[in-house]
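The sequence and structure come first.

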Amino acid sequence: MLRSMARTKNQEPALDPDTADDLASAGRLKQIRMVAGLVHKANPRAMPIIIASGLGTLVVMVIIGVVVGPLALFVPLGVLLGVLVTVVLFGRFAQSAQYSAIEGQPGAAAAVLQNMRGSWTVNPAIAANRNMDVIHRAVGRPGVILVGEGSPNGLASLMKAEKQRVARVAHEVPIFEYQIGTGEGQVPISKLQRKIMRLPRNLKPAAVSDINHRLKALQPTLQAPKGPMPRNVRQPKMPRPKAR
């Protein structure tokens with residue numbers, strides 16, 4: 001599960017830390033029940049749609065078996081197809097619930113990047129400014145990915161500066177830039193992973209290792225926020241990277 005425990009000003013996280021820890025340590029069946037609860041919380045109509053679709057597929061196959069025959073062939077086939085439809089829909093609604101849980105919260109883009117399939121090196125918050133606009137970096141076969149979260153005006157200059165820093169050591173390695181949001185030219189958090197995974201594979205594994213080694217020499221460009229630092233603020237849990 002994608003997890004971002006940060007609280008926004010007017011929004012409570014859909015997945016609290018205790019629930020997240022329980023989900024990580026639970027068995028498979030308990031995980032499914034807990035995820036189903038999160039899906040229902042995000043969309044009360046989701047579970048009825050999933051169940052109805054699975055049963056509907058089974059009923060259709062039974063009717064075909066009665067009309068065409070043999071029934072003994074179409075009933076098992078209907079069960080398999082019904083389970084497949086249920087699993088696929090459940091997965092899609094679960095993914096949608098995950099994105100709803102983290103949308104609009106600090107670190108949401110980092111959570112998505114750290115849960116991408118494949119061999120990626122992700123460095124959250126490698127650049128930030130006083131307004132808490134932040135840039136995350138991911139390196140993989142497509143090249144270097146820079147993802148910004150925050151105000152479009154603040155991110156423009158921050159992204160430009162970070163791209164210049166990366167270009168000094170990346171040389172001819174492709175650099176891709178994305179801003180998270182729903183405005184013009186921005187990418188919704190729910191579409192970020194799909195957009196990145198569709199990028200062409202421009203680098204060989206050896207080249208990826210080489211660019212990662214060179215990027216380690218770059219120091220994070222984090223600026224301290226204005227005013228006194230707040231006290232007794234609970235830091236958000238960053239999502240755990242997927243096992244490779």
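Arg214 is partly exposed at 22% relative accessibility (buried means under 20% relative accessible area, exposed over 50%, partly exposed in between, with a 1.4 Å probe and protein chains only). Its side chain meets that of Asp210 in a salt bridge, 2.6 Å from N to O (a side-chain nitrogen of Lys or Arg within 4 Å of a carboxyl oxygen of Asp or Glu). Asp210 is also partly exposed, at 37%. Both residues lie in helix α8, four residues apart, about one turn of the helix (helices are DSSP runs of H or I, at least four residues, and strands are runs of E, at least two, numbered from the N terminus).

This is a predicted model: local features need pLDDT of at least 70, side-chain atom pairs count only at pLDDT 80 or more, and totals for chains, interfaces and linings use all residues. Residues are numbered from 1 along each chain as its sequence is written, and side-chain values use heavy atoms, leaving out hydrogens and water.

## The other salt bridges

The count comes to three salt bridges. In one of them, Arg165 meets Glu162 at 3.1 Å, N to O. Arg165 is buried at 13% relative accessibility, and Glu162 is buried at 1%.

Glu177 forms a salt bridge with Lys163, with the closest N and O atoms 3.0 Å apart. Glu177 lies in strand β4 (residues 175–179) and Lys163 in helix α6, so the pair ties together parts 14 residues apart in sequence.

## Packing of α8

The buried residues of α8 (residues 205–215) are Val208, Ile211, Asn212 and Leu215. They fall within an arc of 105° seen down the axis, so they line one face of the helix (the arc is that of the directions from the helix axis to the C-beta atoms). The face turned away carries the exposed residues Ala206, Ser209 and His213.
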